[in-house]
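Biologist: Please put the model up. I would like to go through the contact between the chains, then one of the sheets.

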Amino acid sequence: MEFKYLYIDDNSEDIAKGIITGLKNEGELSIDFDNPKGNWEKERERILSNEFKSYNGLILDLNLEETPNKDGETSRYKGSSLAQEIRNLAKSGTIKETPIVLLSATINIEKYFDRTNEDLFDLIVSREKLNDADLFISMRQRLISLSIGYELISKCKNENNNLTELFKYNLEKENIRFLGEMKTIIENPAHIISNFIIKNLLEKSGILIAENILATRLGIDCAKSTDWHKVLEKFNKFNYKGVFSEGWKRWWMSGLENWWSFELQIEKSLRSTKASDKVSLLKEKLDLRELVPLEKAEKSKSETFWTNCVGSGVAIDTVDGLLITGQDRYFPWQDKCYVSIDEALKPKGKENWNKLSPSEEYKLELLKKQYPNERPTR
Amino acid sequence: MEENSHNSISFSVDAGLIDRLGRELVGRAETAVSELVKNAYDADAKNVEVNFIDSLWSGGSLEIVDDGLGMTYDQLKSGFMTISSTDKVHNPLSIRYNRSRAGKKGIGRFATQRLGKRLIIITQTLESEQAIKLTIDWDKYTVDQDISSIANQIEYLPKEKPEGTTLIIKDLREGWSEAAIKRIYRYVSDLFQPDYLSDNSHSLHIAKQNDESFKVKFSKINEGVSFEIASPQKMLFDKNIAVVEGFIDSVGDGFVGIRSERLALDDYAVPIEKSKDENKFQVIRNVHFKAYYFIYNRVEYYTNISKLELSNIQKLAHESSGIRLYRNGFRVLPYGEPKDDWLGLDIRYSGESGQTNIPFNNNNLFGFVEIIDKEGLLFQETASREGLIENAAFEELVDFLQKSLVTARGRIAEKITLIRKGKLDSKEDFEEDTEDTTDKKTIEEEFEELDKEVHNDSAKEAIKGIKEKYYEVIEELSMLRILASLGLTIGEFTHEIIQFTPSINGFISKLYESNENDLNSIKILDDLKRTFANFTSYTSYFNATVSENTSREIKPILITDVVDFFVKNIKEDLDRQNTELLVESYGYDLYTTPMHISEWSSVLYNLYTNSKKAIKRSGNAGKMKIITGEENDKIYFELHDNGDGIPNENKNRVFNAFFTTSTPAGFDAPLDEKLTGTGLGLKIIRDIVEAYRGTVKIINPEIGYNTCFRIDVPKAEKAELEEYGV
């Protein structure tokens, strides 16, 4: 089935054309482009029109006020106002619920976007991030996934809030507090559910994990291991197939533990075994050769890697990591984010983290004393 | 010529000389053609046709047909065929019209050789019964042959016309585009004075461009179809803001007049005096000049001109503005050539233009000076024929012209200031963007007055010092103004450019998905993708640094971040230059006192560019090293390179404004070229660094390097880090 998005931007179609070309794909996704209507009444008419019903999603620019539209009219509202109106109309049942993606220049997001509007959008993409041709296919997958996901959410709500159907997985053994939270969330409009799942489940490790964390927890350096994909194949059963899985590749963490202890029947704990030992065990159990264990960063102590430094991506054990700030409102089933010692001392990936958690600052001072990094005398 | 007798020996000339003379005497093809046109003038022709036949590519022909006196066999033999003949030396005036002969001695024949491989001359005189046709095949004139052993065929043909010469140059050595033909047409036209500037010149039959007595027509003939090349664009002189016209009469009184319709200006016969005590000019008489004045980019100052016309004039000004000098009707070079500033206008006014908005450079003027000096008593050409000897007459001429133009400028300034104030008419409101300069005394005038009032020598010395410093600052300011506006433009430009980045990436992505890609097209795509990624890294760098400028926000800067970002950006450039760059940093949290990120960006770029140039000059395999760290509560940044080093005597001077070891860009070079190597780079660095109580110096480099620039700026204080939330 081909999904259809409407892309509203005040710039000319010429400027947006490449983005559209890169995102759309015959038989999968088509994108119509249009300028804002120029005034709020006409914009509302558009939302209520029959044509609008045919769209499976919406891409909105944030600042619609910069350039006049084709008819020379300048709009006096933001993409976020439009999104708010659409959410309101959907809530009252006037129109159906659709995914809305914000696509805007970073500078405009910084200037005009009030963070309380975040939940209106399923995805917020800064135009500058589309700085690599490789990103278009994954973004297309996410757009398609959002459309499929919205339909699935609606279906599950109609089936008495069927969570098993939503996640395509037996949730019995999952964290009880997660289940409790999900049962509350599913009562909400689709975009609240979507937001919750994307932000708290797909974008944060915990219940689900991404490929890099999976490799880290198995102790495998996947860049060096040609047999890595074979490991993934063996683990296929625990691949996440639930809502939005088309756009986000994830695995069930409970599945990993289950697989390790019960299917591979390894007695040593996944959490507290050194990477090199885990890789030896895996090679033996899976009858694979080309698997290379991860190596420890220079200043790390532990080799039982569990997470990746959010700045540099280096695999670390949480004992060798320093917590970053802004993680107070975490759900208990979520993993916390750390940076490695090197990253804390000499940050290289600051775009991915802001500051250390205040509680970690004394550690940093000690580390600076421990590794003074003095210039050799000339 | 081989003789058995060994009792005497004579010089002989190798035929290869012709080729050498043709190429070395007549460097440019333009000169070659113009020499041939001059020859027609010297032969008293009234009409010359210059036809380029199928000449877009090499191998075509060029015909120069005149209705001059023609040549007899004897004249051909003793004149044209005799190298270094003395005819023009002996007879400086032409036979029929007494024209002052224009052609350079004996260059014509070499000009034809320079232009094409074969020459056919068909010539006839009034008296002759037949026309003579001479064919010369220049290719026969190869080295290792005696020049006199090569015979050139002569034929006799029925006469085509009463008199005149036709030169046909076959097998042209180069192709002639229409633009090239136009260029040469303009070149030829400029040879002659544009107009009779005085009654005298009229009665004396002085050559001029629109002279009915000598007409040149250029045509391009392709496959038998002829197009006349339009005469070089008339300079649209009548579109001027003002016309300045002046003269010195036969008794030495000088006058200038300034006329402008738009400025309601009609000042007639303003006297120009030699000096306060002496009204009359002593030496020169009968000088006339006329100059057309333009201000570019200010359509509002004109009555009837479009932006396009004005910008066309501005373009023309690049090659043909300035004040030209015509002596007895002929152009005297180099006066008024591009870059020539014989009246010192550029030196005097370039720094000032921004202050007053009455720019008065050579660029703004199209002027012609006529001097009539038939006997060559007042003005003598230098031996090299490059200009006039700077004698008393010449000095008076320059003095008169300068005073006249300054007077004219004053009158124009007065009226334009009124326009800006909206007092001249109410046609439009003009923004008052500059200070009124005409009512107030200028600083120059103040200096002058001060100089008169002060009689104490040391005070005079001090004033002189201040004055020098003042001019230095003015000059620096005007350059900084250019740089600043360039910065804004880059910011704006980058902002526009990045709009397209995601779109282009989208197209690239889509191309990858095509099923029709073969290995070759995938390789091209890979290259495209990589190249575009490099491109994007530049634009995003500028966007991050230059555009942030608009926010003017200062904050503590993590120097290691700045360096990382910078290094990432120049990586490709380093690879291209084959230069290795090591980066080291010592200590942690190298936050500087609050600064603007773009300031560091310009510091790093300037230092990097200098190092690159030094490495290039040295010819070494490039090596650079950046070291950052903390010392004595300062954050330091060092850039080492293994370039050619800085000699001790220059170490203190490199930070001075305008000190540069780079060869300056030519006057005609594009702006960007002029802005590199301005000698302001290090000065700007010093200004930035010192503004934050920092220092920049040249220190002893580490082993393996030849130069090291070190910058120290205060480290951010704890309170500052907290205040800025770092």
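Modeller: The contact takes 34 residues from chain A and 33 residues from chain B, where contact means heavy atoms within 4.5 Å. This is a predicted model: local features need pLDDT of at least 70, side-chain atom pairs count only at pLDDT 80 or more, and totals for chains, interfaces and linings use all residues. Residues are numbered from 1 along each chain as its sequence is written, chains are lettered from A and ligands numbered from 1 in the order in which they are written, and side-chain values use heavy atoms, without hydrogens and water.

Biologist: What area do chain A and chain B bury between them?

Modeller: Buried area is the accessible area (1.4 Å probe) that two parts lose on being put together, summed over both. Carbon and sulfur atoms carry 48% of it here. The value for chain A and chain B is about 2700 Å².

Biologist: How many salt bridges does the rule find across the interface of chain A and chain B?

Modeller: The rule asks for a side-chain nitrogen of Lys or Arg within 4 Å of a carboxyl oxygen of Asp or Glu. B:Glu702 and A:Arg375 meet this way, at 2.9 Å from N to O. Across the interface of chain A and chain B, the count is six.

Biologist: Which element gives the largest share of the side of chain A that touches chain B?

Modeller: Two elements give two or more residues to that side: helix H1 (13-23) and helix H6 (135-158) of chain A. Helices here are DSSP runs (H or I, at least four residues), and strands are runs of E, at least two, both numbered from the N terminus. The largest share, eight residues, comes from H1(A).

Biologist: Which residue of chain A forms a salt bridge with B:Lys529?

Modeller: The closest N and O atoms are 2.9 Å apart. B:Lys529 lies in helix H15 (residues 519-545) of chain B, and its partner in the loop between strand E5 (123-126) and H6 of chain A, so the pair joins two chains. The partner is A:Asp134.

Biologist: In E7(B), what is the bridge partner of B:Glu49?

Modeller: Strand E1 (residues 47-53) and strand E7 (residues 215-222) of chain B run parallel. Seven bridges join them. The partner of B:Glu49 is B:Lys217.

Definitions and conventions. Pairing = 2+ DSSP bridges.
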